[in-house]
Amino acid sequence: MLRFQVDKSRPSTLETVFRLHGFFRHRLQPLGVSPIQAGMLLYLDRHPQCQVLEIASALCIQNLSAIKTVQLLQRNGWIRKPLVNANRKIVKLQLTEKGTALARKINENIEVTDKLFALADSRKA
């Protein structure tokens, strides 16, 4: 049987995830988006013309949560849902100009956050 030594002087993975989530939420608040909304916008920026269920799978969220978030993003004018075929079964999501600009701002925030975490980690060592 394998046994692992737990280093109690360092935070657990779960603690680190919650810390990151809180930090990102704080950094994204001035932009008016939640971490999940930011994740969707960034995913669409890198994967244009994808479907809602693809985003849900990529971000490991429930389909209903993804659908509701897409509806909110659309109401805010950050994405559009052009129909691919006449029977409305296939919808490929696209960022609007407003959504693309917001995705760039989110990326800038993430870069700053990455640098802050790198600095904090280097001070602990």
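At roughly what angle do the axes of helix α2 and helix α3 cross?

What you have on screen is a predicted model, where local features need pLDDT of at least 70, side-chain atom pairs count only at pLDDT 80 or more, and totals for chains, interfaces and linings use all residues. Residues are numbered from 1 along each chain as its sequence is written, and side-chain values use heavy atoms, with hydrogens and water left out.

Okay, the overall layout. The chain has five helices and two strands; these are DSSP runs, H or I of at least four residues for helices and E of at least two for strands, numbered from the N terminus. Walk along the sequence and you get α-α-α-α-β-β-α. Of the 125 residues, 27% count as buried, where buried means under 20% relative accessible area, exposed means over 50%, and partly exposed is in between, using a 1.4 Å probe and protein chains only.

Back to my opening question. The axes of α2, residues 35–46, and α3, residues 52–59, cross at roughly 115° and come within 11 Å. Those axes are lines fitted to C-alpha atoms, for helices over the stretch in contact, with angles running from 0 to 180 degrees between N-to-C directions. So who touches whom? On the α2 side we have Ile36, Gly39, Met40, Tyr43 and Leu44, and on the α3 side Glu54, Ile55, Ala58 and Leu59; contact here means heavy atoms within 4.5 Å.

Gln49 sits in the loop between α2 and α3, and its phi is near 70°, which is positive even though Gln49 is not a glycine. With 37% relative accessibility, Gln49 counts as partly exposed. Cys60 also has a positive phi, about 55°, again without being a glycine. You'll find Cys60 in the loop between α3 and α4, which spans 63–75, and at 72% relative accessibility Cys60 is exposed.

While we're on cysteines: is Cys50 buried or exposed? Cys50 is buried, at a relative accessible area of 2%.

Next, the inside. The largest nonpolar core has 23 residues, and the ones with the most contacts inside it are Val33, Leu41, Leu44, Ile55, Ile79, Leu93 and Ile106. A nonpolar core is a set of buried Ala, Val, Leu, Ile, Met, Phe, Trp, Tyr and Cys residues joined through side-chain atoms within 4.5 Å. Take Ile106: setting aside neighbours within four places in sequence, Ile106 is in contact with Leu28, Leu31, Val33, Ala38, Leu41 and Leu42.

One last stop, Thr100 in helix α5. Thr100 and Leu44 are 56 residues apart in sequence, but 9.0 Å apart in space, C-alpha to C-alpha. Leaving aside neighbours within four places, Thr100 is in contact with Asp45 and Leu95. For the chain as a whole, among contacts between residues at least 6 apart in sequence, 52% join residues at least 24 apart.
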